[in-house]
Amino acid sequence: MGQGIFSIDDIEKWKNNRKIVVRGFSFASTNSFIPIFYQEANVLAKILQEKCVLKSNECNVSDPISMATMEMIGKTALGVTFNAQTGGCNQFVEHLQTAMHAWEYRITHPWYLNNTLFRFSSVKRKHDRSQKIINEFTNEIIKKKIIEFTQNINNSAIKIEKDDEDCCPKPKTVLEILLGSSHKMNHEQIRDEIVTIMIGGQETTTMTITCVIFMLAHHQDVQNKVFEELQSIFLNGDQNRIPTYKDFQQMKYVEMVVKETLRLFPPIPFLGRRLDEDKQIGEYMCPAGAALIICPIFLQSSPLYYTDSEKFNPDNFLPDVCGNRHSYAYIPFGAGLRNCIGMKYAMLQIKTVISTLVRKIKFSPSDRCPTPEDLRLMFLMTLKLVDGCYVKIEPRT
């Protein structure tokens, strides 16, 4: 990720870059992405239904979901079609995964955290080759977008003046917003931020959508309530229409289900913070400069803050229950100045996918993973599934 906002070590550059990048995830921008989310969610539903015919209704949903979210982030961040869901082989997708696996390999093999040792490993060579291809691919896209941006900026301004007020402008990708910012970023900074967004915006939403589906499969009463809510929202007119922002505002129970899933399966299992000054925490004095590790996955399953904390219960997010709980007892997107800038994007994407899938498909437990306790997880930089996520799929008629 180079010197993107996740890994940058210059605090002043971080402040400047974050101000620019956050504009790519504004309310207007994320809303304009809904048609893309919906289009790819429909492709995903079709793929899952085809898999259930081929595999006796049982399917590992994590891989198809991963390809769907990759396609979504590619279109919304870069303006690029990967064809990830339809079997298209894209170098960026392939090498991004290779580079991330190398990153995780270093974490699980601590001796390779030593740069000298890592330099001599085959993993390092694979990583460097993939990173080179990722950078070349991203550089080429940025160059093309700069040319397009320069050529169209005047024409676009004229066209907007002439267009009717009711005409909806074409949604801008995150890359286009970065290029058009008045606070200029150089080519390398833009590239690092785009790669950071691709990594941060794909793995995390994949994990969340997968786990929501898994929990719905294992809690039929919850799935039925979700379906009933969606039926009431889409009762009038075309039930297969693109959802609107107003629809999402009415998805109260869907949001509770998503939040409860994020409570039990936060995609970022630990956060790091460094103290600027001495801080007393309980009976311990933590000195300035100390690194603190905060684990949302343990905090959010603490009986201090949640009744029957290990149980999946969307009612944990009823308004009155939330009001009686400490606001930092739930931090799946982090908190403070370094919270996740893409939380609105993520929630809108997740709601679009879940609402589309549940209207078309009924999920139930698989024989390979009959209880929630059978879902095996592992900690790396993000929460991951050891054996995939299997559920049974039945098209709704």
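Tutor: A residue is buried under 20% relative accessible area, exposed over 50%, and partly exposed in between (1.4 Å probe, protein chains only). At 4%, Phe118 counts as buried. The model is predicted: local features need pLDDT of at least 70, side-chain atom pairs count only at pLDDT 80 or more, and totals for chains, interfaces and linings use all residues. Residues are numbered from 1 along each chain as its sequence is written, and side-chain values use heavy atoms, without hydrogens and water.

Student: How many aromatic pairs does a search of the whole structure find?

Tutor: Rings of Phe, Tyr and Trp (its six-membered ring) pair if their centres lie within 6.5 Å; planes under 30 degrees apart are stacked, over 60 edge-to-face, the rest tilted. The search finds eleven such pairs. One of them joins Phe27 and Tyr245, edge-to-face, at 5.0 Å centre to centre with 85° between the planes.

Student: Where in the chain do Phe27 and Tyr245 sit?

Tutor: Helices (H or I, at least four residues) and strands (E, at least two) are DSSP runs, numbered from the N terminus. Phe27 belongs to helix 2 (residues 27-32) and Tyr245 to helix 11 (residues 245-250), so the pair links distant parts of the chain, 218 residues apart. Phe27 is partly exposed at 45% relative accessible area. Tyr245 is partly exposed too, at 35%.

Student: Why is the pair of Tyr112 and Phe118 edge-to-face?

Tutor: Their planes stand at 65°, with ring centres 6.0 Å apart, so the pair is edge-to-face. Tyr112 is buried, at 18% relative accessible area.

Student: Which residue lies over the face of Phe118?

Tutor: A charge sits over a ring if NZ of Lys or CZ of Arg is within 6 Å of the ring centre and within 35 degrees of the ring normal. Arg106 lies over Phe118, at 4.0 Å from the ring centre. Arg359 lies over the face of Phe234, at 3.7 Å.

Student: Which residues do ring pairs link into a cluster?

Tutor: The cluster holds Phe25, Phe33, Phe37 and Tyr345.

Student: What is the order of the strands in the open sheet?

Tutor: Strands pair if DSSP finds at least two bridges between them. Here three strands run in the order 1-9-6, paired antiparallel. Strand 1 (58-60) and strand 6 (361-365) are the edges; each has a single partner, so one side of each has no neighbour in the sheet.

Student: How many bridges join strand 6 to strand 9?

Tutor: Five bridges join strand 6 to strand 9 (residues 390-395). Pro365 has Val391 in strand 9 as its bridge partner.
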